[in-house]
Amino acid sequence: MPKGWKFIVGSIFIGSATVYGLTKYFAGGVCKCNTRLDGQWVIITGANSGIGKALAIELVKRGACLILACRDLKKGLQARVDIINEAKAPLDYHLNIHVKHLDLCSLVNIEIFAIGIKKEFPEIFALVNCAGVFYHPPELTEDGFEVTFQTNYLGPFILTHYLLPVLEKQEHARIVNVASEAHRRVNVYDLKAITTSPTEFRSPIVSYGVSKLALLLFTRELAKLLLNKGTNVIVNAVNPGNVETAIFRHFPPLANPWMFALQKPIRLLVVKTPEQGCQTLLHALLTSNRSTGQYYSDCKLCLASPLATSDKISKDYYKVTLNLLKWHLNESEC
Ligand SMILES: NC(=O)c1ccc[n+]([C@@H]2O[C@H](COP(=O)([O-])OP(=O)(O)OC[C@H]3O[C@@H](n4cnc5c(N)ncnc54)[C@H](OP(=O)(O)O)[C@@H]3O)[C@@H](O)[C@H]2O)c1
């Protein structure tokens, strides 16, 4: 035996244990619910990629029927093939997975999508508002709103309202809004500034944080409105954690291939895979806990920021949003 072998073996052991411990720690919580969703229809926006696609695979394993709402139909159709393969579902399962066109940057398109769903599907078990953008270059949508604000907040807001009638027909429907810890990094002035002048460009990080804070406020207020209405629809927001997906394509430190490659070893340790990232979404869909208007992180209920949990701000902000969209929603949908 060479001299110092104990030191080498010991170092390898401690190194491996540290790497294992770090990956386990950063992988986050795992959904332990064994509920099945056989024959239940679930709509997932942005299901062709990242967390939405990983969730679709998990749901197919649990027997759910899916509507993949994608802005690029070609990507959606390819995702359907991948989802069936990765979930090891029979080939004819494609009959249970519909791919539909949905562009959250177009309010008209959202309405067309919703009308189609209401015609084709009498009831829907769940809507997962997963599609989103991060650090998007400054751009206005055809409706005149800043892209991040519309994709991550106004689009899901109006889509959810359009789909409430088909969700309310289910005995225990669920809405899952995919938020982010970034909501903690913005304040009430950022929220006000972006909302009162949604055509102005701000820091992409602030736009993203505000869009996710707005989604949390919406979750809280909608939950109250649905309870008051006497429906059984549960609505919660989730934080998937830091997940390795295409969402960082515009983020300067990761958009550059050299920088990306340099960070890769660390990211392998501390960033979740999409399979790990979808666990909290899955938990919010399957848990027997019937809390509503809450925020989940790592498969557990978690306290959102004081701003996001303010009843007054969530109530006022809901009205402000209706005002912004007033020409698109009629009374019965509000
Ligand atoms: N990854 C993270 O670390 C992280 C952390 C916190 C929160 N999140 C949230 O998790 C959600 C999923 O993101 P991801 O990480 O899985 O990213 P992703 O792989 O880039 O997925 C985003 C999805 O949204 C779709 N999308 C973007 N703009 C759209 C539009 N206008 N209309 C319809 N669909 C649109 C994308 O379609 P295309 O493929 O056509 O672009 C894609 O399918 C987002 O809401 C994100 O904010 C992610």
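In this predicted model, the axes of helix H1 (residues 5-27) and helix H9 (residues 257-270) come within 7 Å and cross at roughly 65°. Axes are lines fitted to C-alpha atoms, for helices over the stretch in contact, and angles run from 0 to 180 degrees between N-to-C directions. H1 is therefore roughly perpendicular to H9 (65 to 115 degrees; under 35 counts as roughly parallel, over 145 as roughly antiparallel, the rest as oblique). H1 contributes Val19, Leu22, Thr23 and Phe26 to the contact, and H9 contributes Leu268, Leu269 and Val270, with contact meaning heavy atoms within 4.5 Å. Six of these residues are nonpolar, one is polar and none is charged (Ala, Val, Leu, Ile, Met, Phe, Trp, Tyr, Cys and Pro count as nonpolar, Asp, Glu, Lys and Arg as charged, the others, Gly among them, as polar).

Next comes the sheet. Eight strands form an open sheet in the order S3-S2-S1-S4-S5-S6-S7-S8, with mixed pairing. Helices (H or I, at least four residues) and strands (E, at least two) are DSSP runs numbered from the N terminus; two strands pair if DSSP finds at least two bridges between them. Strand S3 (97-101) and strand S8 (300-302) are the edges, each pairing on one side only. On average, neighbouring strands are turned by 25° against each other, direction ignored.

Helix H2 (residues 50-61) packs on the sheet, touching strand S1 (41-45), strand S2 (65-70), S3 and S4, and its direction makes about 165° with that of S1.

Residues are numbered from 1 along each chain as its sequence is written. Local features need pLDDT of at least 70, side-chain atom pairs count only at pLDDT 80 or more, totals for chains, interfaces and linings use all residues, and side-chain values use heavy atoms, without hydrogens and water.
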